[in-house]
Amino acid sequence: MSVPVSSVRSGGSRRCAAGSTGQVTVVGNTLGAYVLVGAVACGIGSIVERSAVLFLSLKLAGAAYLVYLGVKALRTRRSMRAAFEADRAARGGLVTLWEGFVVGVSNPKTIVFFAAVLPQFVDRDRGNVVTQILLLGLVFNLMAVVFDSLWGLTAATARDWFARSPRRLAAIGGVGGLTMIGLGVTVAATGHTD
């Protein structure tokens with residue numbers, strides 16, 4: 001959480017490329033991750049962890065979506081000045097929330113992480129294992145929102161400095177797009193394949 005991982009890089013890149021919508025991306029990403037907590041609570045996490053085909057499908061779908069968002073940011077980097085000025089009013093919050101949600105829910109590494117970690121902290125003698133996993137996942141995701149938001153605010157501060165120069169603004173839009181593309185390629189190229 002405190003070290004930039006895929007969700008943080010996604011939110012930070014969105015914050016650099018699109019401004020205030022980065023926080024909405026963080027919330028969407030966290031909601032997507034919480035859906036994965038629910039899946040683990042229902043036993044789906046172990047299926048994804050054991051199914052190479054399902055894991056690979058989720059991983060490649062998530063990677064492709066990150067690359068798509070990165071290419072989109074790269075294509076619009078020259079018009080970032082106008083986007084920067086109109087960002088708060090024009091950018092649809094639901095679209096950005098959805099984009100963050102898709103990134104969060106399509107990360108198979110997250111569901112494998114939750115499936116491996118959360119059950120270790122469940123006390124089966126206290127009953128209602130599903131509720132315990134949901135509560136543990138909620139605590140994790142609330143902490144993730146705080147830390148991801150701090151990274152996003154750091155990116156927004158840097159973005160404000162870049163925005164004072166059209167050349168710097170285009171550069172940061174390009175870097176944000178390339179970061180998302182790199183993240184998508186990294187997601188596609190790493191992880192277990194057995």
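In the predicted model, 5 aromatic pairs are present. One of them joins Trp 98 and Phe 101, whose rings are stacked, with 5.6 Å from centre to centre and 25° between the planes. Both residues belong to helix H6, where a separation of 3 residues places them about one turn of the helix apart. Trp 98 has a relative accessible area of 52% and is exposed, because the exposed class begins over 50%. Phe 101, at 22%, is partly exposed.

A further pair is made by Phe 113 and Phe 114. The ring centres of Phe 113 and Phe 114 lie 5.7 Å apart and the planes meet at 55°, so this pair is classed as tilted. Phe 113 is partly exposed, with a relative accessible area of 37%, whereas Phe 114 is buried, with a value of 1%. Together with Phe 140, Phe 113 and Phe 114 form one aromatic cluster.

Helix H6 itself comprises 13 residues, spanning residues 93-105. The distance from the first C-alpha of H6 to the last is 18 Å, close to the 18 Å expected at 1.5 Å a residue. The buried residues of H6 are Thr 96, Glu 99, Gly 100, Val 102, Val 103 and Gly 104.

Technical notes:
Residues are numbered from 1 along each chain as its sequence is written. This is a predicted model: local features need pLDDT of at least 70, side-chain atom pairs count only at pLDDT 80 or more; totals for chains, interfaces and linings use all residues. Side-chain values use heavy atoms; hydrogens and water are left out. Helices (H or I, at least four residues) and strands (E, at least two) are DSSP runs, numbered from the N terminus. The expected span of a helix is 1.5 Å times one less than its number of residues. Buried means under 20% relative accessible area, exposed over 50%, partly exposed in between (1.4 Å probe, protein chains only). Rings of Phe, Tyr and Trp (its six-membered ring) pair if their centres lie within 6.5 Å; planes under 30 degrees apart count as stacked, over 60 as edge-to-face and the rest as tilted.
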